[in-house]
Amino acid sequence: MIPAYFCSVRTLKKIGLTIVFLSFVIGCDSTTDSKYELEDFIPGDPSIVVSIANIEILQNDLDQNEVFKNIEKNELHRLLSGEHAIVKLIKPKSKSLIGLYKKDSANYDFTLVTKQDSTLFSPDSIGDVISETLSYGEVSLNRVQIENETAFTMVRDSFFLISSSQQLLQETLSEADTEQSNLSKVIDLGDEAELLIIRNKEKIRLSDSLTEALADQLALNISIAADGIRASGVALNNDTLPQLIDVFKGQNPQTNAIAAAHPVDAETSLTFTFNNPDSLFNNLKTFRADFSDLATHPIFETITEVCDLQFKNDRAIIMHSIDAALTNEALIPYLSENSSFRDVDVYDFSNPEIFINQFAPLVNKTRPILAFRLEQFFVFTESMLTAEKIITGFKSNNVLMNSTFFKNASRDLATASSMLLMQFNDEVSRGIANAIYGDMDMIRRSESLKDYRLSALQFSYDRNFAHVNYVCTETVASKQITGSVTQVSSNSLDTDVLIDPQFFSNHRTGGKDIVVQDMANKLHLLSSNGKLLWSKNLQDPVLGKIHEVDILRNGKKQLAFTTKNKLHVIDRNGNTVKPFPINFKDEITQPLSVFDYDNNRKYRFAIVQDEDVLLYDSKGKIVTGFKFKGAGSKIVLPVQHMRMGNKDYILVAEEKGRLHVLSRVGKSRISIDKRFKFSDIPIAEEGSNFVVITSNKTKESISQRGKVSSQKLNVSDSYSFNIDFKTKVTLDDNLLRINGILVELPFGIYTQPALYRANRQTYITLTETQENKVYVYNTSGELISGFPIYGTSTAEIAGRNRTKSMRLLVKGENNEVILYEVQ
């Protein structure tokens, strides 16, 4: 990622000091009538050197960039942005250089040099200007005062110079005239580098309380656009004193893999890579002047990447291993059983100081007490809360690698690096200031920066210097990439979940709440954000699915379901709707079925008691016009209603194999002679036929005249079949077919595919129950981006009101209900 114009490193000795600058060549014309170059007028040992291709363009870019609008007004920013009362009057037509010289901890003097032009500087064109001529040997200087600013100017051999210090300008002239000034060019940038900032004796803030010497020099070619900042350049060390960048000598930058486990809610992280842990460890000991006999610990022998994460209240470490089995073996002496979360064993970790001892100052505060493994990643946390947070993100694919802002930033970063510093969300402003100005506190935190989600500064060591890349760009909602999955809430009930959670419409918000029953037979209603709204004690488990009805026909929804001896209707406040519940002496043997023949909310509730079917209306009264006299044997499936053309069909399957196809009034509508071995797969509607998938895996298609055609299915015992309107889905072991499109799933044990409509699209969900992974596909057989995610039950999907996103609801741990949002 280093710019193509990097050619060489040159050394210029002035007044006994060694200053290393960079030579950038872009094919500019180096011929000039003057014996001087711009860089000859940057005297002494500046703290910062800035090269500007066109000040007017730069100031316009800064004015349109939201980040720079929030910078606290230091001297460099005032010079670049045109806020300096005198410098803003300078209108160069070519490249300019600025040198900044530190006077004290907070203040700088500056010198600016550019090619002289007749219209370059005209202070007399404005009022309230104080100007006088000063003599310096044979040279004349002009002292200019405007408002509260004072500067000294002069023209020397077709170059215009302006400085905040008379002494500095005099030193400039003295040094430019020495023979040493002609040794070589210091900087040759051409016109393509919009803004180059070179910082000498560069330090880097690794944490709020720790700043380290990074390199002798850091040079960044900075591109400023309306949507953010990008930069590339080099860091190098020509000093005999060790610098932080030197700890990566002897290392090859490794591919950054930890983004696949990195949580998205960290405040900051520092990631470093290595292919030779002994070399890195020895270099770090040299850097921190550690003369102990401490050696590299065996747990790091198969590690290539370490990430130190900071959250709001604590910290964590993530390591990437190239041989997880060996790493796990080396860790065993320090682990003892603690608990398990979402199928991940979490251990107590007995060596919390090891990361600081081995990697300081790259790791300087983190003292983990827990450890766990996520595939090839080993994670160490300071609290169980953080452990659960990282596991949740990993299991739901809500990790940095899948985030829009990281995907965007990765286009401007190398895939392999030695060190990567990232700041997120509220910390982004400090990351920008640290990277561009070397001062974390220069940029105000502001609401206008809320769409800047990531600041990333990357170093890749290469022989005796490091390539540097920096990126911070805006990620607004309208640019979000679809397919990201985030966990909205996780609720743990007092006892284990009994029935899979379901959505329930909220007429007030237009959204979806959550209904679930636990093993204590308590029915709970949770809000769309996971807040418990109410709990209601039921004597028995709910049979099958809970139905959503509107028996008052006013848009306010109720919950309808059966337990062993009752038909319940409950409103959204947890109150029983009169005259319900209806009590039954005999046991109800199948889940409730609800029919709405004409979509007018005049419901029929179908109750099955062994061979009998009872129909009740919305007022809790028996429907006397329903004349079905009962089956000849036990009914084995919930009663179903289908409408084909203008005819209604009520389907009753009995144990002895007879299928009754009835009219609304319970009379036989179709006579079927054949008997079937019913499976637990509901009877389906395919075209104008009824379809029965039998327990011996035959597909029986029944016409509306009662004609039966049979097809032997060469499928496994786990075969499932589902049709919803135009979407047909089958699952045979790991072979999923969606409208004939084959999707080969990983081997496992899956729930039956479920079909849901959301945002005018049909989605298919199924869950692998050994690895506890939820898959969601569209009707083209494409896995939705961000899946699979963690879940242990059949997942339900619902669209969100007035948005293009949707919600996914699933059981997690035994007592846990998880709600995800899918973009």
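**Strand pairing and salt bridges in the predicted model**

Leucine 651 stands opposite valine 661, the latter residue lying in strand β39. The model in which this pair is found is a predicted one. The two strands concerned are β38, comprising residues 647-653, and β39, comprising residues 659-662, and they pair in the antiparallel sense over four bridges. Both strands belong to an open sheet of four strands, in which the order is β37-β38-β39-β40 and the pairing is antiparallel. The edges of this sheet are formed by β37 (640-644) and β40 (668-670), each of which pairs on one side only. On average, and with direction ignored, neighbouring strands of the sheet are turned by 45° against each other.

Salt bridges were examined next. Side chains of opposite charge can pair when their charged atoms come close. The structure holds 21 salt bridges, and a network of such contacts links Asp598, Arg643, Asp648 and Arg664.

Glutamate 686 takes part in a salt bridge with lysine 699, the side chains meeting at 2.9 Å, N to O. Because glutamate 686 lies in strand β41 (residues 684-686) and lysine 699 in strand β43 (residues 698-702), this pair ties together parts that are 13 residues apart in sequence. Glutamate 686 also forms a salt bridge with lysine 728, for which the closest N and O atoms are 3.2 Å apart. Here the partner lies in strand β46 (residues 727-732), whereas glutamate 686 lies in β41, so the pair ties together parts that are 42 residues apart in sequence.

Methods
Residues numbered from 1 in each chain as written. Predicted model: local features only at pLDDT ≥ 70, side-chain atom pairs only at ≥ 80, totals over all residues. Heavy atoms only, no water. Pairing = 2+ DSSP bridges. Axes fitted to C-alpha atoms, helices over the stretch in contact; angles between N-to-C directions. Salt bridge = Lys/Arg side-chain N within 4 Å of Asp/Glu carboxyl O.
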